[in-house]
Amino acid sequence: MQHLRHLLASTVILLALLVGLTSCEGSKYKKIDGKICWTFYTFSFGRISQPLTFQDLGHHYGKDKDHAFYEDSMLIGPDVATFESVKDHYAIDSRHAYYKHSVIQGADPTTFKVKNENLSCDDRDYYWQGVWRERHG
């Protein structure tokens, strides 16, 4: 019976450690000691910070030498060298305009403007939350 209790207690402790090591909540970028870090929390170890070599571009965007990010999502295919944040939830590079983590199909980044948090435009069309809307008039 003693052996069974010991085995049960060991199993409970092991499960608690596994849950604590793999659990993330409240993950976000933070500036710690002058460096941008991806910070997350675990039940077992509390706050863990991993320094990243990227620039905080503001408006939920960041980039390093190889990738661009919207919050905690890596964007697929941007021209990182020309990638820049425009306004909350909007960014551009030399080829595309972005709403959050998606390309705004058909938008011209050279004439792209943000009107408000939902509406953007270029010289040809309007876009509602990154989706094309035909220009009238």
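Which residue forms a salt bridge with D122? The partner is R124, and the closest N and O atoms of the two are 3.5 Å apart. You are looking at a predicted model, in which local features need pLDDT of at least 70, side-chain atom pairs count only at pLDDT 80 or more, and totals for chains, interfaces and linings use all residues. Residues are numbered from 1 along each chain as its sequence is written, and side-chain values use heavy atoms, with hydrogens and water left out.

**Salt bridges**

- The count comes to 2 salt bridges, a salt bridge being a side-chain nitrogen of Lys or Arg within 4 Å of a carboxyl oxygen of Asp or Glu.
- D122 is buried at 2% relative accessibility, whereas R124 is partly exposed at 46%; buried means under 20% relative accessible area, exposed over 50%, and partly exposed in between (1.4 Å probe, protein chains only).
- K65 and D66 also meet in a salt bridge through their side chains, at 3.1 Å from N to O.
- K65 is exposed, with a relative accessible area of 72%, while D66 counts as partly exposed at 46%.

**Strands and sheet**

- Strands β4, β5, β6 and β7 make an open sheet of 4 strands in the order β4-β5-β6-β7, with antiparallel pairing; strands are DSSP runs (E, at least two residues), numbered from the N terminus, and two of them pair if DSSP finds at least two bridges between them.
- At the edges of this sheet are β4 (54–58) and β7, each of which pairs on one side only.
- Inside the sheet's order, β5 (residues 61–64) and β6 (residues 68–70) pair in the antiparallel sense over 3 bridges, and G62 has F69 in β6 as its bridge partner.

**Nonpolar cores**

- The largest nonpolar core has 9 residues, including Y90, I92, A97 and F112; such a core is a set of buried Ala, Val, Leu, Ile, Met, Phe, Trp, Tyr and Cys residues joined through side-chain atoms within 4.5 Å.
- Strands β9 and β10 (97–99) each supply at least two residues of this core.
- Another core, of 7 residues, lies apart from it, and among its members are Y61, A68, F83 and Y98.

**Aromatic pairs**

- There are 5 aromatic pairs, counted when ring centres of Phe, Tyr and Trp (its six-membered ring) lie within 6.5 Å; planes under 30 degrees apart count as stacked, over 60 as edge-to-face and the rest as tilted.
- The Y90 and F112 pair is tilted, because the planes stand at 45°, with the centres 6.1 Å apart.
- Y90 lies in strand β9 (residues 90–92) and F112 in the loop between β11 (102–103) and β12 (113–114), so the pair ties together parts that are 22 residues apart in sequence.
- One aromatic cluster is formed by Y61, Y70, F83 and Y98.

**Two residues to look up**

- S85 sits in strand β8 (residues 84–87) and is buried, with a relative accessible area of 15%.
- The side chain of S85 makes a polar contact with the side chain of H59 at 2.8 Å; a polar contact is a pair of N or O atoms within 3.5 Å, where within protein one must be able to donate a hydrogen and the other to accept it, and residues adjacent in sequence count only if both atoms are side-chain atoms.
- The S85 side chain also reaches the backbone oxygen of G58 at 3.2 Å.
- P78 lies in the loop between β7 (73–74) and β8, and P78 is buried, with a relative accessible area of 14%.
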